[in-house]
Amino acid sequence: MEYLSKVDKFILAYLWYEYGGSTYFSRGSQSPEEFLARFILDDIFSGRRPGHYQQLFSAIVSSIKKLTEYWIVQISGYDIRLTSFGQQVVKGISKEEYEKIKEELIRGKIS
C-alpha cells in the first residue's frame with residue numbers, strides 16, 4: 001500500500017466505513033469526481049469551508065481519478081464502489097487509521 005497517499009487511503013476508508021464500499025450519487029453538470037469530492041468535503045466539514053478546502057478538493061478529485069485508473073474503485077453512471085481489489089486494499093486500513101487521517105485532513109495536513 002506504499003503507492004497510496006493519505007488522501008487515497010482516506011477515500012477508500014471513507015467509502016468502506018461510511019457506506020459499506022459503495023454509494024449512489026447524482027452529479028448534475030459536474031464530473032463524477034468533482035461531485036464526489038464536494039459530497040465528501042461537505043460531509044466532513046459540516047457546512048464550513050476552511051482555507052485549505054480548495055487544495056483538499058483538488059487532491060480528492062485527483063485521488064478518485066487515480067483510484068479509478070488503478071481499478072481500486074469503479075464509477076459507473078451514478079454509482080461509486082470499491083472493486084474486489086479495492087476491498088482487499090481497504091482491509092489494510094483500520095478504522096482508527098481512517099479516523100486519524102480524517103482528522104489530519106480536516107486540520108489541513110494533506111500530504
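Trainee: Which residue in S3 is the bridge partner of Ser 22?

Mentor: That's Arg 81. Before we go on: this is a predicted model, where local features need pLDDT of at least 70, side-chain atom pairs count only at pLDDT 80 or more, and totals for chains, interfaces and linings use all residues. Residues are numbered from 1 along each chain as its sequence is written, and side-chain values use heavy atoms, with hydrogens and water left out.

Trainee: OK, and how many bridges pair S1 with S3?

Mentor: Three, with strand S1 (residues 22–24) and strand S3 (residues 79–82) antiparallel. Strands are DSSP runs of E with at least two residues, helices are runs of H or I with at least four, and both are numbered from the N terminus. Two strands pair if DSSP finds at least two bridges between them.

Trainee: What about S2 and S3, how many bridges there?

Mentor: Four bridges join S2 (residues 73–76) to S3, again antiparallel. Ser 76 stands opposite Asp 79. The two strands form a hairpin with two residues between them, and Gly 77 in that turn has a positive phi of about 60°.

Trainee: Back to Arg 81. Which residue does Arg 81 form a salt bridge with?

Mentor: Asp 79, with the closest N and O atoms 2.8 Å apart. A salt bridge here is a side-chain nitrogen of Lys or Arg within 4 Å of a carboxyl oxygen of Asp or Glu.

Trainee: Is Asp 79 buried or exposed?

Mentor: Buried, at 6% relative accessibility, while Arg 81 is partly exposed at 33%. Buried means under 20% relative accessible area, exposed over 50%, and partly exposed in between (1.4 Å probe, protein chains only).

Trainee: How many salt bridges does the whole structure have?

Mentor: Five. One of them joins Glu 104 and Lys 6, at 2.8 Å from N to O. Glu 104 lies in helix H5 and Lys 6 in helix H1 (residues 6–19), so the pair ties together parts 98 residues apart in sequence.

Trainee: And which residues are in a network with Glu 104?

Mentor: Let's take Lys 100 first. Lys 100 forms a salt bridge with Glu 104, the closest N and O atoms being 4.0 Å apart. These two are four residues apart in helix H5, so about one helical turn separates them. Lys 100 is exposed at 54%, whereas Glu 104 is buried at 14%. Salt bridges that share partners join Lys 6, Lys 100 and Glu 104 into one network.
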